[in-house]
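Q: Can you walk me through the salt bridges and surface of this one? Keep it short.

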Amino acid sequence: MTDLSKYRNIGIFAHVDAGKTTTTERILKLTGKIHKTGEVHDGESTTDFMEQEAERGITIQSAATTCFWKDHRMNIIDTPGHVDFTVEVYRSLKVLDGGVGVFCGSGGVEPQSETNWRYANDSEVARIIFVNKLDRMGADFYRVVKQVEDVLGAKPLVMTLPIGIEDDFVGVVDILAEKSYVWGETGAPEDFKIGDVPADMLDKVAEYRELLIETALEQDDDLMEAYLEGEEPSIDDIKRCIRDGTRKLDFFPTYCGSAFKDKGVQNILDAVVDYLPSPTEVDPQPLTDEEGTPTGEFAIVSPDEPARALAFKIMDDRFGALTFIRVYSGVINKGDTLINSFTGKSERIGRMVEMHADERTELSRAQAGDIIAVVGMKNVQTGHTLCDPKNVCTLEPMVFPEPVISIAVTPKDKGGSEKMGIAIGKMVAEDPTFIVESDQETGDTILKGMGELHLDIKVDILKRTYGVELEVGEPQVAYRETITKEIEDSYTHKKQSGGSGQFGKIDYRIKPGEPGTGYVFTSKVVGGNVPKEFWPAIEKGFRTMMGEGVLAGFPVLDVEIELFDGSFHAVDSSAVAFEIAAKGAFRQSIPKAGPQLIEPIMKVDVFTPDDHVGDVIGDLNRRRGMIKDQEAGVSGVRIKADVPLSEMFGYIGSLRTMTSGRGQFSMEFSHYLPCPNSVAEKVIEEVKERNAAKK
């Protein structure tokens, strides 16, 4: 049996360009997993193995790899930083026990860092912080630490301090051990000398050490009391307290260095071993029923429990379909048969492999705590639970955001249709935020995703990986409809035609709901005027109609419907009759309730050099943006704004022109807001024209 206390399942996550993939490369080099380090900017890194990743210098898929450090096994997942691929971060965090948040020494806490940090908080993942790129112009370790406090509302526990900065950055001081680590000129990670703290840093190290010890000892009242009476705690006691606080998310051990220059990476590996939890130390995963309601039971991390595993990623590579699973409890052997609790079908475990990016090692068994890939599973999707047939259960499922943008694509030739169908099937299985629908009337295929870059990459994969040449339409915004007025109404469905008739009468109120609530149905009927067994049919009738609004056929959001009275016929009433009544009621009443078009508003975060701030703000205002915040940094200004998605197409081109190529931005969906009348009228007119053209 493997000792689970020696396991660390960790993810490396951060903003685009903070150096996640480079950090992963250095970890693999240090642990002896690879012998030549690949660079991201050369398109040669190990974990960025997709063509699109190598070209763009960004990570798109999360990649998994395993390595060893000081007798500890580390399963590492390198996640993407770009906001359009946050689903990869979210689902990776879901199956990890700890994480390393990488921040750029000059860029600091960037927009995507905030999103990823929020996901990690939601998943309650313990983290250590690595402030990277301290050899860069404008790097400032202390400023980034302050940003972690102010922007993320987190408590960094500073464990190392930099010796020198920018071009003069040569090493770090380990505050707890009061030792310096200085790297030589060779650039080799193992070429460092351990020495005393530089004389000019003694006061600063003493100040930070006192703060470190006081913060750590808050985890143990007895040690704190002894410390206040002048008794110095042992290093082991302090480390134990840091480990406790890190696991409880009370604070985050914070390190510094330069992954590219191989400085400070050993300290992170030591910190992963010393402070991040093993699989048995995190709260066990809650089990739910088929509806997603917690049952009060948990998947205890132990090889002696029944087998339970969560599929968190599907990937198609040159060897076939791979399903990445995290084993939460029990043991899975090659040849075992497990039940997929979502589909109710059994799945045989044929080949199990340990992944190293896109290379693999065959396995014959896996146990609680392992992250492995299974080859050739047919009906398993992201978020499905695989479990012991005698103990069927469901692990807490994953919830994915709705896409906000769509494009229509058609193959250039007939032969491309079949190829595209097969390719899209594989891509949808891999990415739960990528949704594909068919337009029945035009025959177009509609791709829906999280942003322009997301869909751009998907089209690129279809063209290059699967060889499908496509005609791509203009991007379309996912508008929605809602209502603005509360109304009370009544509807009767009555039909008499030979044999038993149909009868259902409902009295109801329709009112605008709170933003983000979607559709809420309640029943206040008393005295049996509408028997309880018909309520689900009425709820279903209204819910079915929410898919298509009365203005332009967009789905309807944020509507509350309350059934307060009605009547039924002892013979002629049925669930079907009441469902039809609800559908008729929707058609009758929604037009009277002040229907309104609403549009997706994006949270936009723009970085611009100081001399272009006015241009950027003026441009965002012209795009109907609401400026929320401005924050001056060393090398420029960050502007936060809420801007309608419809105004953001092609924004990167405009931003680069305005800022001479130095501006950057990221955006993610925030909420829906009413469209101005002029925009709404134009959208409704376009929909009518499109519908007329189809006919």
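**Salt bridges and surroundings**

A: The structure holds 30 salt bridges (a side-chain nitrogen of Lys or Arg within 4 Å of a carboxyl oxygen of Asp or Glu). This is a predicted model: local features need pLDDT of at least 70, side-chain atom pairs count only at pLDDT 80 or more, and totals for chains, interfaces and linings use all residues. Residues are numbered from 1 along each chain as its sequence is written, and side-chain values use heavy atoms, with hydrogens and water left out.

Q: Which lysine does aspartate 270 pair with?

A: Lysine 70, with the closest N and O atoms 2.9 Å apart. The pair links distant parts of the chain, 200 residues apart. Aspartate 270 is in helix H9 (residues 265–275), and lysine 70 is in the loop between strand S2 (63–69) and strand S3 (72–78). Helices (H or I, at least four residues) and strands (E, at least two) are DSSP runs, numbered from the N terminus.

Q: Is lysine 70 buried or exposed?

A: Exposed, at 53% relative accessible area. Aspartate 270 is partly exposed at 22%. Cut-offs: buried is under 20% relative accessible area, exposed is over 50%, partly exposed is in between (1.4 Å probe, protein chains only).

Q: Which residues make up a salt-bridge network?

A: Glu488, Arg509, Lys524 and Glu562.

Q: Switching topic. Where is arginine 623, and is it buried or exposed?

A: Arginine 623 sits in the loop between helix H14 (613–622) and strand S36 (626–632). It is buried, with a relative accessible area of 11%.

Q: What is it in contact with?

A: Leaving aside neighbours within four places in sequence, arginine 623 contacts residues including Glu647, Phe649 and Tyr651. Contact means heavy atoms within 4.5 Å.

Q: Last one: what about glutamate 229?

A: It is in the loop between helix H7 (221–228) and helix H8 (235–247). Glutamate 229 is exposed, at 67% relative accessible area.
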